[in-house]
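User: I'm new to this one and would like to be walked through it. Could you show me the structure before we start?

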Amino acid sequence: MGGFPLLSVMLAVPALAAVACLFLSPANARWLALAATLVDFALGVVMWAGFQTGGPQWQFVEQGPSLGVFSWSLGIDGFAMLLIMLSVFLMPICIGASWRAIVDRVPEYMAAFLFTEVLMIGTFAAQDLFLFYIFFEAGLIPMYLIIGIWGGANRIYASYKFFLYTLLGSVVMLIAMLYMAHAAGTTRVPALMAYDFPAGVQTWLWLAFFASFAVKMPMWPVHTWLPDAHVQAPTAGSVILAGVLLKLGGYGFLRFSLPMFPEASAQLAWLIFVLSAIAVVYTSLVALVQADMKKLIAYSSVAHMAIVTIGLYAFNRQGVEGAMMMMLSHGLVSGALFLCVGVIYDRLHTREISRYGGLSINMPRYALFFLLFTMASIGLPGTSGFVAEFLSLMGVYKLSTWTALICTTSIILGAAYMLYLYRRVAFGEIKSADVAEMKDLTGRELWLLAPIAAVVMWMGVYPESFMAPMRKDVAVLLQRIDRAAPASDSAPTAGKGLAAAAQAGAHH
């Protein structure tokens, strides 16, 4: 790019627009927010086009002035690039989803969303430990305001719970970061990723980071803030919460826990597997009995993010690539499902599943989109969910057959709760006059759902375009963690069996 500070510009555009929004009328604030997010999306496309697949590990690197230990240092690898693309792709859709739904304090609402975008891109692009921490933690603030001001009836409780849960874990992480900067003598993330901390210290550091990332993921049993936050958040808030903010934890594991503490990661992989296996089964069963659509999708998110964690800790290529694909796929599919709920909520102002029925009669286009995203959530071949689940489970199967066995139930249970939801909403007879009068998708709603549907299909049919940018980064990560990889529970016996078979063949 010839020294053009692309990442800084991508941060500056929504930041300046957010400030400007505060001084505009509601209508102008909406247009400015939409324009700023579209500009950022265009810059994201430029970034993807300029990204050299298989080139240097860190690209678009920017080194600003240092203030003591703290420095303005940005740069991306394949993982960060894909997650930034996910953020800038979903953001204009969120602004569009709030166009009619939000009527009071519109300028402040748009500003909060634009600031969220700044902090998300910053988190993925930060190459300084403390810069990452600032972006990572500050992301709580606009989301806290979005839930607390524009949320549902019980919004104050939900926003406090969201804030306290996510903040408590992160205080421990900050102490660990201070120790790391002191011990390694640097706060640069690429330098720390290659630094070897003593094995005894690694365990404590890993646990400190785990305290923060597990809440953000969210892993069982610290997931309880998520259903509350989703149910109370406005539609666009749910989209960005499910689409991008849940990915911060997975990105943290990928960028910090695994490469910086490989020995501790291997020792404690069993903990990740146990918690993830419980999450898959438990939250799927809880999703089956939900009466509120948003709660059902929120619980399904916990189960899907558990597939991400098992993939990351499989210590092999399929697992890591599958986890990354799962983050992208879940971001799109779950965001789209929340948009689908928002569409009918705008018409009938209830999320109770029992109030709906027979929507495929009077809303055929809506029913079609809803079906596509339901299938992608289950992991139907040809959609993004299939590639992601297949790779993650294949990766973990190589390491732990038991974990793979339990977590594969997510496909069966996922099909159960998602198809049960779809049957109750889209099929059957129309129950009441107000449901019969509901109009099909408007042009604006089609514009919101169609791009996500296109990308979900693209990821399912041709996943290579998403896997190529991260292939080299996966190799670098595996090189780093290979020395610590835990023993597989099936390798020794399989090896002996093969050896015996070979000997028998030799005798013949």
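User: Thanks! How many disulfides are there, by the sulfur-to-sulfur rule?

Analyst: Keep in mind that this is a predicted model. A disulfide needs two cysteine sulfur atoms within 2.5 Å. Going by that rule, the count of disulfides is zero.

User: Which cysteine has the sulfur nearest to that of Cys21, and how far away is it?

Analyst: Cys21 takes part in no disulfide. Its side of the story is a buried one, because its relative accessibility is 0%. The nearest cysteine sulfur belongs to Cys94, at 15 Å.

User: And which cysteine sulfur is closest to that of Cys94?

Analyst: Cys94 is buried too, since its relative accessible area is 0%. Its closest cysteine sulfur is 14 Å off, which is too far for a bond. That sulfur sits in Cys340.

User: Where is Leu22, and is it buried, partly exposed or exposed?

Analyst: Leu22 is found in the loop between helix 1 (6-21) and helix 2 (26-50). Together with Val19, Phe23 and Phe115 it makes up a nonpolar surface patch with about 400 Å² of accessible area. Because its relative accessibility is 44%, Leu22 counts as partly exposed.

User: What is the phi of Phe60, and what about Arg105?

Analyst: Phe60 belongs to strand 1 (residues 59-67) and is buried, because its relative accessible area is 14%. Arg105 is in the loop between helix 3 (78-97) and helix 4 (106-125), and counts as partly exposed because its relative accessibility is 47%. Neither is a glycine, but phi is positive in Phe60, near 55°, and in Arg105, about 55°.

User: How much space lies in the largest cavity?

Analyst: The whole structure holds six cavities of 30 Å³ or more. Helix 16 (317-348) and helix 22 (443-461) are the elements that give two or more residues to the lining of the largest one. Among the residues lining that cavity are Ala97, Thr235, Asp346 and Arg444. The space inside is about 100 Å³.

User: Which helix gives the largest share of the lining of the largest pocket?

Analyst: The largest pocket has a volume of about 470 Å³. It is lined by 23 residues, with Ala101, Trp150, Gly151, Pro234 and Tyr345 nearest its centre. Helix 6 (140-150), helix 10 and helix 16 each supply at least two of the lining residues. The largest share, four residues, comes from helix 16.

User: How far apart in sequence are the parts tied together by Arg255 and Asp77?

Analyst: The two side chains meet in a salt bridge at 2.6 Å, N to O. Arg255 counts as buried because its relative accessibility is 3%, and Asp77 is buried because its value is 0%. Arg255 lies in helix 12 (residues 247-260) and Asp77 in the loop between strand 2 (70-76) and helix 3, so the parts tied together are 178 residues apart.

User: Which residue does Lys161 form a salt bridge with?

Analyst: Lys161 lies in helix 7 (residues 155-184) and its partner in helix 10, so the pair ties together parts 67 residues apart in sequence. Both residues are buried. The closest N and O atoms are 2.8 Å apart, and the partner is Asp228.

User: How many salt bridges are there in the structure?

Analyst: Besides those two pairs, the side chains of Asp292 and Arg351 meet in a salt bridge at 3.4 Å, N to O. Salt bridges also link Arg317, Glu321, Glu464 and Arg471 in a network. For the structure, the number of salt bridges is nine.

How values were computed. Residues are numbered from 1 along each chain as its sequence is written. This is a predicted model: local features need pLDDT of at least 70, side-chain atom pairs count only at pLDDT 80 or more; totals for chains, interfaces and linings use all residues. Side-chain values use heavy atoms; hydrogens and water are left out. Patches are made of residues with over 30% relative accessible area and no salt bridge: like charges are joined within 9 Å, nonpolar side chains (Val, Leu, Ile, Met, Phe, Trp, Tyr) within 5 Å. Accessible areas come from the Shrake-Rupley method with a 1.4 Å probe; for residues, only the protein chains shown count as cover. A salt bridge is a side-chain nitrogen of Lys or Arg within 4 Å of a carboxyl oxygen of Asp or Glu. Buried means under 20% relative accessible area, exposed over 50%, partly exposed in between (1.4 Å probe, protein chains only). On a 1 Å grid over the protein atoms alone, a cavity is a set of points where a 1.4 Å probe fits but cannot get out, and a pocket is an open set with protein on both sides within 12 Å along at least five of seven lines; lining residues have an atom within 4 Å of a point. Grid points are joined across faces, edges and corners, and a volume is the space filled by probe spheres set on the points.
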